[in-house]
Amino acid sequence: VRDALLLVLRKSLFSRQVEVRKIAVGGYLLLLKKFNVLGSGGGSVESQSSQLSSSQSQSQQVQVEVHPSSSSAAASTSGNEALCLEILGILRRCLSQQDEVKALLYEGLYEVFCGNVKIAESVMELLVKQLQVYYQEEEDLGPPIKCELCVTVSGGKATRREPLVQLVQCLQLCMGHFQAKAASREREGQEVSAPPVMGEANSILQSLVERMASADMEDFELDRSADFTSGSSVGDKNRITCLAVAGTYETLLEYCYSTGDFRKESCVQCLKLFDKCVKVYDLLQEKPRRQEGAGPGGVAARRAGSSSSAPVVTKVACSSLSLRCIISLLHSLFIDVTPSHQEPLKVLRESSGFVKYILEVAQQKIQQIHDKGVCSEPFHYSPSKIFKSCCSMGKILFRQVETGSHRDVGRRDKGKSVQELCLDVFSLLLQTIKIRYPSDREAFFSNVNPDFGEETKLSEKAHFFIKHFQRLITAVLNGTVREFVSRDIPTLVACILQLTSDLAPESSELEQVFQWVSSQCKEQHIDDLNASKALLSLLLSTSVQTGAIKVVRRLSRDIHFHLGDIDEDVEVEAQTCFAVVNPRTASSCATSVLLGCLEQIMADAEWVLASMRSEHSPSLLEEELLLDGDTSTDQATQSESKFTSLCDALKPVVEAFHELVQCNVPTGPLTEGLLKGITKFYGLLSNVAKYYVFLYATLQHISINFRKLTDMIGTHLSQQVYALLSHIQDPERVLDAEEEGQEKKAKKKGKGGDKA
């Protein structure tokens with residue numbers, strides 16, 4: 001079996017199809033990861049946390065099939081080691097293949113290095129020898145890496161030839177793992193002897209750190225005069241080179257931090273590497289915009305209004321920093337209180353740009369987990385380890401949001417502060433846990449706040465976090481907090497909305513949230529439209545959850561008052577309830593939020609109606625009538641009770657639409673949304689009436705609640721709907737709307753001409 005497996009993999013490795021080659025490389029790496037050479041005992045370097053994401057059953061199957069049977073342990077050890085070295089020799093031939101194949105090889109060799117200590121030296125020799133091809137040893141001859149060898153131009157198209165970032169990343173991770181294990185053994189009093197290749201790898205990495213930190217973009221033939229035109233061979237080549245240089249800076253930064261042992265010199269070196277990385281990313285962001293047609297004045301204005309200290313790394317490329325490094329950096333920047341670490345870490349903490357950069361990369365990693373369930377890593381993470389990483393990051397971020405211990409030293413830019421970025425990442429983390437780990441939310445809360453007792457319920461844990469965000473919102477509205485501003489209220493509200501899903505319907509905790517947001521909307525006059533929209537969304541969401549949907553009627557009355565009536569002669573009664581609704585918010589966000597809530601209520605009503613129809617189909621009811629008249633009557637009585645509750649729930653919707661159809665809603669999306677909502681509501685009412693006609697065959701009487709609902713629709717809604725349609729089709733109103741649209745288009749064209 002072993003020989004057949006190796007033969008298939010060898011043939012696949014030299015297939016014409018790249019995907020088949022990648023499968024072969026993956027198979028060889030799987031053998032090396034799980035095919036431990038006998039004699040490499042438990043206390044050695046191979047005992048570590050890196051695990052393969054493949055299932056245990058597959059791993060065990062591979063081990064059983066590959067291990068040769070032998071009566072002699074020494075012979076078995078020798079044969080196993082020889083086989084592993086033979087596989088490594090085969091994989092060396094991949095270094096002349098396509099870029100994707102080599103990238104996959106580098107990503108897997110780190111786990112092989114950590115898990116198979118007997119061939120770790122051979123793995124390091126392979127990596128060092130490959131890096132020496134692109135490493136410029138002579139300092140006087142040029143930059144430390146030969147970027148021109150990493151890109152090839154053929155047929156007028158530039159492609160990446162060597163995944164240099166993955167190569168350096170794999171080498172530095174292996175070196176960091178070896179140094180960490182060596183330091184651990186030294187603390188235990190054991191002697192450590194490093195193979196010569198380890199010293200050679202360390203010398204190359206140290207040289208790269210020092211020389212890359214002092215290198216300029218011009219050394220790599222990258223400057224603001226370089227061509228970055230998309231689609232051209234020169235532009236694509238420069239862009240690939242930029243990404244390789246930036247990724248190398250990030251990888252060396254991780255190496256410098258992880259092996260620096262919190263020395264001040266290593267922290268200073270990290271900042272130098274970061275500054276160089278920023279310049280490369282700034283060039284990648286700014287050069288394409290400059291070549292798209294704006295004049296020099298426009299580019300200069302954009303640079304003056306932007307902050308060079310806070311690069312938006314996530315918009316350029318996928319960061320090369322590992323999730324483990326990001327969590328370690330966040331811990332060092334925010335909660336590390338070790339006395340000997342304070343002075344070195346002060347260098348990093350005082351760099352607002354560096355702290356924001358780490359938070360942006362953390363946000364990128366969490367977004368990848370949110371979208372795909374995994375993030376870009378140099379080694380595989382199992383779902384359980386990703387969850388533990390999310391817990392560790394959540395604990396750090398929540399503590400920072402809660403205490404606000406970090407201050408932006410010398411902050412001059414108009415971007416978000418460190419506290420705001422922490423809040424953004426924590427909010428995204430809550431969404432990710434809800435989507436990817438719904439059954440582990442209670443464990444996540446316990447990890448974020450270890451003070452919870454074992455008997456604390458999930459709803460109590462969620463309510464603890466909700467109350468904290470409520471206090472922050474109240475402080476922002478009252479102006480008693482400096483770390484957050486009104487633009488952060490939507491994010492704070494989003495956190496509360498995520499947490500309310502863990503509260504039981506009609507519970508005291510949920511009622512408290514509803515009463516709190518209701519009081520804020522009644523008392524606070526808010527100028528920020530996004531903040532007003534967020535609070536109103538939370539108000540309507542909690543009102544639906546608690547059953548207090550009469551709020552929609554009061555909110556619609558306030559909107560009617562501020563927008564005015566479609567009949568200019570009618571004066572709306574001034575009985576406002578919510579201070580957050582004003583003429584500005586009523587026409588911009590309050591109406592759209594209310595229409596969205598009404599649409600959700602109608603969708604829920606449709607679902608309830610469909611459920612009732614499925615439970616009481618006509619054929620089933622006829623069978624019950626034939627078998628047992630009393631049973632069918634009881635069933636119909638229960639249906640009438642549910643139907644009565646449905647009619648009661650639709651009455652506030654009728655009253656809300658009664659107010660909205662009389663509003664002088666601005667022409668445009670709001671008017672279209674209102675008409676769509678009314679159309680959908682009448683469709684729902686039609687289905688309700690059809691269901692009641694069926695139910696009437698059994699009840700033989702008309703429900704009082706259904707009659708009140710139909711009377712209300714006839715007296716309050718239908719007449720006003722006809723008036724609204726006449727108002728919308730008014731020729732003068734249509735002409736005014738067209739003139740307004742033409743003026744907006746003319747203004748946009750004028751602004752475009754000024755920019756040109």
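**Reading the predicted model: strands, rings and a helix**

Mentor: Strands S1 (residues 151-154) and S2 (residues 157-160) run antiparallel and are joined by four bridges. This is a predicted model: local features need pLDDT of at least 70, side-chain atom pairs count only at pLDDT 80 or more, and totals for chains, interfaces and linings use all residues. Residues are numbered from 1 along each chain as its sequence is written, and side-chain values use heavy atoms, with hydrogens and water left out.

Trainee: Why do S1 and S2 count as paired strands?

Mentor: Strands (E, at least two residues) and helices (H or I, at least four) are DSSP runs, numbered from the N terminus. Two strands pair if DSSP finds at least two bridges between them. S1 and S2 have four, so they pair. Val151, for instance, has Arg160 in S2 as its bridge partner.

Trainee: What lies between S1 and S2 in the hairpin?

Mentor: Two residues. Gly155, in the turn, has a positive phi of about 60°.

Trainee: What makes Phe387 and Tyr437 an aromatic pair, and why is the pair called tilted?

Mentor: The search of the whole structure finds 20 aromatic pairs. Phe387 and Tyr437 form one, at 5.2 Å centre to centre with 50° between the planes. Rings of Phe, Tyr and Trp (its six-membered ring) pair if their centres lie within 6.5 Å; planes under 30 degrees apart count as stacked, over 60 as edge-to-face and the rest as tilted. The centres are within the limit and 50° is neither stacked nor edge-to-face, so the pair is tilted.

Trainee: How do you know whether Phe387 and Tyr437 are buried or exposed?

Mentor: Buried means under 20% relative accessible area, exposed over 50%, partly exposed in between (1.4 Å probe, protein chains only). Phe387 is at 11%, so it is buried. Tyr437 is at 9%, so it is buried too.

Trainee: Why is the pair Phe657 and Phe681 called tilted?

Mentor: The ring centres are 5.5 Å apart and the planes meet at 35°, so the pair is tilted. Phe657 lies in helix H25 (residues 629-660) and Phe681 in helix H26 (residues 669-699), so the pair ties together parts 24 residues apart in sequence. Both are buried.

Trainee: Why is Val268 called partly exposed?

Mentor: Val268, in helix H10 (residues 264-290), has a relative accessible area of 32%, so it counts as partly exposed.
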